[in-house]
Amino acid sequence: MADHDLVLKCWGGVEADYAGHGGEVLTCLFKEHPETRKLFPKFTDIPQSDLAGNAAVAAHGATVLKKLGELLKARGDHAAILKPLATSHANKHKIALNNFRLITEVLVRVMAEKVSLDAAGQNALRRVMEAVIRDIDAYYKEIGFAG
């Protein structure tokens, strides 16, 4: 529970600009890991130079951060939130587990830069995300998705 609280200390800054921070997270993800763009078909036609500031990218990034906020605020009691997310990411989007690990590192960096998530908070976010990814993996196995 302490890990969630460490991250939530800075979460107000994220909530203040979900679209801005979310757009930055996805833009960084796509630049650092270009192969991840194919997982977002509606963004594949956007030139790399136009990703930053693109309203659709920012809107989807906001969705990602809002869901992360729900998971953080659930403080580990997240089955009701995570199971539907894992199901859709397996069955509809076909998102492999490694992609959650990639976005975790981008999230850590963006939060450190934009909302002053300190070193302890960064490590806490990594631990929270490791637990979330383990649970996603368990749901993937239930579904029969080899993520």
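How many aromatic pairs does the count come to? In this predicted model, the count comes to 4 aromatic pairs. One of them joins Phe-30 and Phe-40 in an edge-to-face arrangement, with 5.2 Å from centre to centre and 65° between the planes. Because Phe-30 belongs to helix α3 (residues 18-32) while Phe-40 sits in the loop between α3 and α4 (55-73), this pair ties together parts of the chain that are 10 residues apart in sequence. Phe-30 is buried, its relative accessible area being 0%, and Phe-40 is likewise classed as buried, with a relative accessible area of 17%, a value that falls under the 20% limit for that class.

Phe-30 also takes part in a pair with Phe-43, in which the ring centres lie 6.0 Å apart and the planes meet at 55°, so the pair is described as tilted; an angle over 60 degrees would be needed for an edge-to-face label. This pair, too, links distant parts of the chain, since Phe-30 is in helix α3 and Phe-43 is in the loop between α3 and α4, 13 residues apart. Phe-43 is buried, with a relative accessible area of 0%. Taken together, ring pairs link Phe-30, Phe-40 and Phe-43 into a cluster.

The structure holds 1 cavity of 30 Å³ or more, and the space in the largest cavity amounts to about 40 Å³. Its lining is made up of Val-14, His-21, Val-25, Leu-65, Leu-107, Val-110, Met-111, Lys-114 and Val-115, and the elements that contribute two or more residues to this lining are α3 and α6 (97-115). Helix α6 provides the largest share, 5 residues. Sorted by class, the lining of the largest cavity contains 7 nonpolar, 1 polar and 1 charged residues.

The largest pocket, in turn, has a volume of about 660 Å³. It is lined by 28 residues, and those that lie nearest its centre are His-60, Val-64, Leu-85, His-89 and Phe-100. Several helices take part in this lining, with α3, α4, α5, α6 and α7 each supplying at least two residues. By class, the residues that line the largest pocket divide into 19 nonpolar, 6 polar and 3 charged.

Just after α7, Gly-144 adopts a positive phi of about 95°.

Asp-118 is partly exposed, with a relative accessible area of 40%, a value that lies between the 20% limit for buried residues and the 50% limit for exposed ones. Along the chain, Asp-118 and Arg-75 are 43 residues apart, and their C-alpha atoms are separated by 19 Å.

Technical notes
Residues numbered from 1 in each chain as written. Predicted model: local features only at pLDDT ≥ 70, side-chain atom pairs only at ≥ 80, totals over all residues. Heavy atoms only, no water. Phe/Tyr/Trp six-rings, centres within 6.5 Å; stacked < 30°, edge-to-face > 60°. Helix = DSSP H or I, 4+ residues; strand = E, 2+ residues; numbered from the N terminus. Buried < 20%, exposed > 50% of the residue type's maximum accessible area, 1.4 Å probe, protein only. 1 Å grid on protein atoms, 1.4 Å probe; cavity = no way out; pocket = protein on both sides within 12 Å on 5 of 7 lines; lining within 4 Å. Points joined across faces, edges and corners; volume = space filled by probe spheres on them. Nonpolar A, V, L, I, M, F, W, Y, C, P; charged D, E, K, R; others polar.
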